[in-house]
Structures are given as C-alpha cells and as structure tokens.
Amino acid sequence: MAIPGQLKAIQHHIRTAQEHEKRDPVVAYYCRLYAMQTGMKLDSKTPECRKYLMKLMDQLEMMKKELLDNESITQELVGHAHIENYALKMFLYADNEDRSGRFHKNMIKSFYTASLLLDVLSVFGELSEENIQHRKYARWKATYIHNCLKNGEVPQAGPIGMEGEAYDDEFGAEGGGPSLDPQGSLQPQPSFRGGVAEPGPAAMPPPNYNNIQIPPGSHAPANTPAELPRPSGDVRLTPEDFTRAQKYCKYAGSALQYEDVSTAVLNLQKALKLLTTGKE
C-alpha cells in the first residue's frame, strides 16, 4: 500500500523497516512503531491516512506476536540498546569510510540509515544530546556526500564545518540508493556481523565535528585501555545510580550479541566509573 502524501516524512523509516524485515526484525518493528507514532501526529483524520495507519497497526500487532520471546521487544531497555547499538555501528562504518576518503553509495546509505535509526530511538523517550548531535551530523554528511557525487565533485573527507545542504529527494528514494539484494542487504559492503556493518579496525583520532562529540573510545580498537578512576573513600550511590549502571551493563550485553567488543567495553567502562565515583 502506497504511503499517502501527507505522511511523506515517514517514507524512509518504512523503507528501512522493509529492508530489515528478515535481516533484523527488531529494527523493522521499531522503525514501523516510530512511523506509526509519527504518522498519527502528522495526519490521522483523512481517510487515506487513517487506512494506512490502521494497516500499519495491524502489522505491528502481528510482528509483536511473532517476536513475543524476544527481549528487545518485551523489555524497553533492551530494545533501546539494540537500536542504539545498531545505529552506532552503521555510523561508525560510514565514518570510517568517510575518513579514509572512500565515498560510495553504501557509506551514504549507512550514514542516512544511522540518522533514521536515531529518529527511531525517540519511541523510548527523549534523545540524549549526544544522539541528537550524531543524528544531525550523519544526516548532514549523507546529504553532503550525495550531492557532491551527484555534481561530480570530490567530497572533503572527515569532519568539516557543517553548512546548509539542500535535501535532494532523489537521495534515498526508490532506485536512488545503493543496490539491495532480495533481503534488503547492502551490496557490496565490508565485513558484516549480525547483519550490521563492522567498522574497520584502525584507530581514529578523537573526533570533534565542530562541537559534535563522539566518545573517544568509539573509534579506538577494542583493546585500548581506558583511564579508570580510583575511588576515594566511601562512594554513596543512589537508586538512580544503580539503575543507570544496570542500563550500561544491558547495553554492553546487547553489543556482544553483535560481537561488538568496543561498544561493550565502552559501556562497561561507563558502568564501572559510575559505580566507583558516583559520577558519569
């Protein structure tokens, strides 16, 4: 069923859901959930929109029953970690390609998909400032590189000052993105594990996208040691501190499902710092 014009803003999220139908049903589910919630705000009154959204609701109910035993669906915290880790891996893959000066449709697709999945995180509540900045940079980079390649220009690699880039609706539209196999997997693409792009092994310098920060450990090899604080005296932890530490541990567990050691280590380090200092 075609998406009504009034709901055009959710078309790329729906397409992302379709591309992940078999590869990662959890991603497909939350993309559709975001699309439905956003669509309800855009237009739930006109007949064509109401019909489309009702069909989307039915689809979500069916998926929820099929994924009844999946913790990423039954537990919001695990679901949040699943989508966030997936988005981060897509972002890191694209960022690695960008910094290496390898510009192609797959890395553009990965930047843009990362930004869409960061949109999707809003179904769990307000986005963190960090994720807002990641989304802004990923979407801008995708559009900037796409427009450069379209105009026969060589994009500037790595972090650069963000300027207004006119969004070209051809980007991400049917036929405008990278080639897809029948399962919706990007073709061709470097190492994939668990259906997501695996960033290259090279360590990257701490990025600074004109005040857009990414945790330095995100680009470092998995065995990079972190400076862990030494606890001084008794640290008094609040119930909220324990909840946050548990959240980081769950994030780490979700990352390990994708064999993403660096993200797991990063989250475990955050939990350890919180438990030893009472601060994040």
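Contact here means heavy atoms within 4.5 Å. This is a predicted model, in which local features need pLDDT of at least 70, side-chain atom pairs count only at pLDDT 80 or more, and totals for chains, interfaces and linings use all residues. Residues are numbered from 1 along each chain as its sequence is written, and side-chain values use heavy atoms, with hydrogens and water left out.

**View 1. Surroundings of Ile83.** Leaving aside residues up to four places away in sequence, Ile83 touches Val26, Val27, Tyr30, Leu117, Val120, Leu121 and Phe124.

**View 2. The largest nonpolar core.** A nonpolar core is a set of buried Ala, Val, Leu, Ile, Met, Phe, Trp, Tyr and Cys residues joined through side-chain atoms within 4.5 Å. Buried stands for under 20% relative accessible area, exposed for over 50%, and partly exposed for values in between (1.4 Å probe, protein chains only). The largest core has 52 residues, of which Tyr29, Tyr30, Ile83 and Phe111 touch the most other members. At least two core residues come from each of α1 (11-19), α2 (25-42), α3 (47-66), α5, α6 (105-120) and α7. With ten residues, α2 gives the most to this core. Helices (H or I, at least four residues) and strands (E, at least two) are DSSP runs, numbered from the N terminus.

View 3. Asp95 is buried, at a relative accessible area of 0%.

**View 4. Arg102 and Glu97.** The side chains of these residues, Arg102 and Glu97, form a salt bridge at 2.8 Å, N to O. Arg102 is partly exposed at 40% relative accessible area, whereas Glu97 is buried at 7%.

**View 5. Asp98 and Lys141.** A salt bridge connects Asp98 with Lys141, and the closest N and O atoms are 3.0 Å apart. Asp98 belongs to helix α5 and Lys141 to helix α7 (residues 129-150), so that the pair, 43 residues apart, links distant parts of the chain. Both Asp98 and Lys141 are buried.

**View 6. A salt-bridge network.** Salt bridges link Asp119, Arg135 and Arg139 in a network.

View 7. A disulfide is a pair of cysteine sulfur atoms within 2.5 Å, and a search of the whole structure finds zero. Cys31 is buried, with a relative accessible area of 1%. Cys148 also counts as buried, at 6% relative accessibility.

Definitions and conventions: A salt bridge is a side-chain nitrogen of Lys or Arg within 4 Å of a carboxyl oxygen of Asp or Glu.
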